[in-house]
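User: I would like to learn how to read a model like this one. Can you take me through it feature by feature?

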Amino acid sequence: MSDMITADLVDLDLSADTKQAAARALAERMVALGRVTDLEGFLADVAAREAQMPTGLDGGIGIPHCRSEHVTEPTLAFGRSAAGIDFGAADGPADLIFLIAAPAGADDAHLTILSSLARQLMNVEFTDALRSAGDAAAAAALIRGDEAPTAEETAGSQDSAAASAAASADAAAGTDEGGASEEREERDEVPFRIVAVTSCPTGIAHTYMAAESLENAGREAGVELVVETQGSAGFTRLDPAVIAAADGVIFAHDVPVRDKDRFAGKPTVDVGVKAGINRPAELITEVRGKASRGEVTVGSPGTTPVERAGDSGEGYGTKLRKWLMSGVSYMVPFVAAGGLLIALGFAIGGWKVDKAPSVMDHFLWTQADSWAALLFQIGGVAFGFLVPVLAGYIAYGMADRPGIVPGFVGGMIAFNINAGFLGGLAAGLIAGGVVMAIQKVNIPAALRGIMPVVVIPLISSAIVGFLMFVVIGKPIAEAQKGMTDWLNGLSGSNAILLGALLGLMMCFDLGGPVNKVAYTFATAGIAVASPSDSAMKIMAAVMAAGMVPPLAMALATTVRGKLFTQTERENGKAAWVLGASFISEGAIPFAAADPLRVIPSSMVGGAITGALSMAFDATLRAPHGGIFVVPLIGNPFLYLIAIAVGVCVTTALVVVLKSMRKPAPGAAAPEAAEGTAAAPAERKQPVAA
């Protein structure tokens with residue numbers, strides 16, 4: 001690590017008071033040494049990584065890091081803050097800040113070294129030594145490994161996974177040697193065996209810190225725990241014999257686990273990577289509890305954080321958001337496909353296409369009306385799945401695969417009794433809760449094999465069906481009807497205010513939960529064969545507002561390019577297409593780099609667009625498509641004016657706010673930073689995703 005950190009990259013008196021300022025101060029040292037070519041571009045990449053997940057860790061550690069085209073060689077900068085800086089850790093501010101910069105094409109050797117550092121950060125003696133280091137050279141030497149707290153304290157951390165793997169392999173083969181044998185003799189039983197997988201979006205730091213934390217906790221708990229780290233340096237698959245011999249599985253990840261089916265059929269705890277770092281002992285206790293109750297995973301469970309039931313340490317509100325977003329994420333493709341097919345049917349066959357006979361009974365290949373009816377009826381079938389899919393995958397997010405059957409059953413009942421969108425939400429939550437309750441019952445070993453395929457679906461479907469038909473279905477249906485009547489009665493200033501509110505929500509988090517709530521509210525209104533005029537106005541307002549942020553960023557980078565980095569100007573070119581296609585996420589790179597200016601400006605423009613769309617009585621039957629479905633929009637000319645006004649307002653606000661920005665001391669202006677990066681920028685310009 002001698003070439004990664006030197007005394008010039010250490011600041012033992014870091015005066016920054018925010019994580020952005022801390023990253024800038026440390027990055028400036030990298031720029032001064034030629035390790036980073038474009039300060040603003042690199043900081044934008046750091047901010048984008050930070051937006052994915054806070055990089056603060058318990059124990060007073062902050063590890064902002066990223067891969068970036070603006071990094072010439074793997075580099076580490078270290079800062080020590082007396083006041084502490086908030087990096088989002090649960091236990092408070094961080095006083096030890098490590099800025100890790102990896103080139104986009106960093107080789108495995110460098111990434112392995114960085115992973116070793118990540119493991120060292122879980123060593124209390126190592127962090128204590130950094131807090132007491134007297135000068136920059138001593139701190140740099142300590143991080144490089146030139147000196148360490150003691151040989152015993154730091155020597156074996158990198159080999160712990162291999163040692164545990166060997167112990168588990170011995171256990172699987174029936175051997176009884178070494179420390180494992182002694183422990184078995186003391187406890188007169190075979191130790192509990194766990195296999196774990198850790199992974200994070202960047203694969204540089206959190207992946208290996210979680211592994212180290214889990215391994216340490218495993219040793220303290222007296223269990224055999226082996227970790228497979230799926231990081232940027234690649235990964236070596238666990239021996240199938242080790243997996244087969246394991247009594248439980250822990251997934252600590254924020255990206256999909258590769259080859260997840262290898263672990264099917266075992267008690268599984270599935271959490272985010274930070275839970276693996278901060279709560280390893282709890283995870284071990286949880287997986288042992290699941291094993292004692294006979295809870296096993298059937299097939300491959302959800303692969304992304306939004307599809308999981310939520311980490312055990314999270315609040316109920318966070319878990320509820322994940323469960324609902326799981327249902328929404330699966331529902332949206334049905335909305336898009338079905339809605340566009342229905343809209344095309346109306347565009348080709350006119351407004352009476354919904355009265356056409358079934359194409360099974362009447363279809364003429366040469367008649368446009370027959371094709372229009374075909375499109376409309378296919379779209380209607382797709383729309384018929386919306387409520388069952390929503391309910392089924394909410395239950396899936398809560399209880400994994402066993403929740404799908406009662407969720408779909410409850411969702412279909414909600415559809416049949418006209419409980420609609422609200423009924424689907426209730427059915428999904430009830431189904432998931434019922435399955436989770438059943439899974440907590442201690443089942444005899446002889447019955448565990450039939451639980452997932454017979455007992456759980458049977459009992460949970462019966463309970464959910466009873467509740468939906470007899471207890472809560474009718475009240476929910478009445479509530480759904482009341483909400484529909486209220487929307488149909490909106491007019492004048494009330495409709496305009498609703499449009500402004502939906503516009504604000506669409507632009508608040510650019511594809512995040514708040515954005516999805518507004519979009520789902522709109523699509524639920526048109527998810528019927530004959531949506532009301534008010535529902536189509538709401539859909540139009542939501543789509544118009546969602547187009548504003550990326551289009552505005554594209555326009556701003558065109559009219560005042562000097563206010564943006566070269567990377568942002570390249571992103572602006574892509575944002576034209578993304579915005580025109582109603583993909584709000586096209587503005588995320590800009591919001592991540594400068595949230596305090598971009599997000600409020602977008603919200604103002606989105607609110608104006610939503611309000612104008614409602615005021616102009618624009619309607620939309622299609623749930624997606626952006627500018628490409630303008631022929632399907634009612635009052636299309638005024639609708640485009642509403643979008644143009646919102647784009648211009650957001651652009652003007654962003655330009656004004658960025659013009660007023662005062663650069664931090666020593667920071668280069670965007671155009672100056674661009675000059676330093678001119679050569680590499682000409683070779684390759686990335687477009688952030």
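Predicted model: local features only at pLDDT ≥ 70, side-chain atom pairs only at ≥ 80, totals over all residues.

Analyst: Start with a term. Helices and strands are DSSP runs, numbered from the N terminus.

User: Now the whole protein. How many helices and strands does it have, and what share of its residues is buried?

Analyst: There are 28 helices and twelve strands. Of the 689 residues, 52% count as buried. The protein exposes about 28,100 Å², and carbon and sulfur atoms supply 62% of that. Look at contacts too. Among those with a separation of 6 or more, 73% join residues 24 or more positions apart.

User: How do I read a nonpolar core?

Analyst: The general idea comes first. In soluble globular proteins, nonpolar side chains tend to be buried together. Here, the largest nonpolar core has 68 residues. Val542, Met543, Leu620 and Tyr639 have the most contacts inside it. Helix H22 (residues 533–559) gives the largest share of this core, 16 residues. Apart from it lies another core, of 51 residues, including Ala94, Leu121, Ala129 and Ile277.

User: Which residues does Met543 contact, beyond its neighbours within four places in sequence?

Analyst: They are Phe582, Leu620, His624, Gly625, Gly626, Val629, Ile633 and Tyr639.

User: Which residues of helix H4 are buried, and where do they lie around its axis?

Analyst: Within H4 (residues 124–132), the buried residues are Phe126, Thr127, Ala129 and Leu130. Seen down the axis, they fall within an arc of 155°, so they line one face of the helix. Val124 and Ser132 are exposed on the other side of H4. Check the start of H4 as well. There, a side-chain oxygen of Asn123 reaches to within 2.9 Å of the backbone nitrogen of Glu125.

User: How do I read aromatic pairs?

Analyst: A pair of aromatic rings is described by the distance of the centres and the angle of the planes. A search of the whole structure finds ten aromatic pairs. Take Tyr393 and Tyr396: their ring centres are 5.5 Å apart and their planes stand at 85°, so the pair is edge-to-face. Planes over 60 degrees apart count as edge-to-face. Both tyrosines belong to helix H15 (residues 386–399), three residues apart, and about one helical turn separates them. Tyr396 is buried, at 8% relative accessible area.

User: What does Tyr393 do with Phe408?

Analyst: Tyr393 and Phe408 form an edge-to-face pair, 5.9 Å centre to centre with 75° between the planes. Tyr393 lies in helix H15 and Phe408 in helix H16 (residues 404–416), so the pair ties together parts 15 residues apart in sequence. Phe408 is partly exposed, with a relative accessible area of 27%. Elsewhere, ring pairs link Phe363, Trp365 and Trp371 into a cluster.

Note on methods: Residues numbered from 1 in each chain as written. Heavy atoms only, no water. Core = buried A, V, L, I, M, F, W, Y, C linked by side-chain atoms within 4.5 Å. Buried < 20%, exposed > 50% of the residue type's maximum accessible area, 1.4 Å probe, protein only. Helix = DSSP H or I, 4+ residues; strand = E, 2+ residues; numbered from the N terminus. Contact = heavy atoms within 4.5 Å. Areas by Shrake-Rupley, 256 points an atom, 1.4 Å probe, with all protein chains shown as cover. Phe/Tyr/Trp six-rings, centres within 6.5 Å; stacked < 30°, edge-to-face > 60°. Arc of directions from axis to C-beta. Polar contact = N/O pair within 3.5 Å; in protein donor to acceptor, adjacent residues only side chain to side chain.
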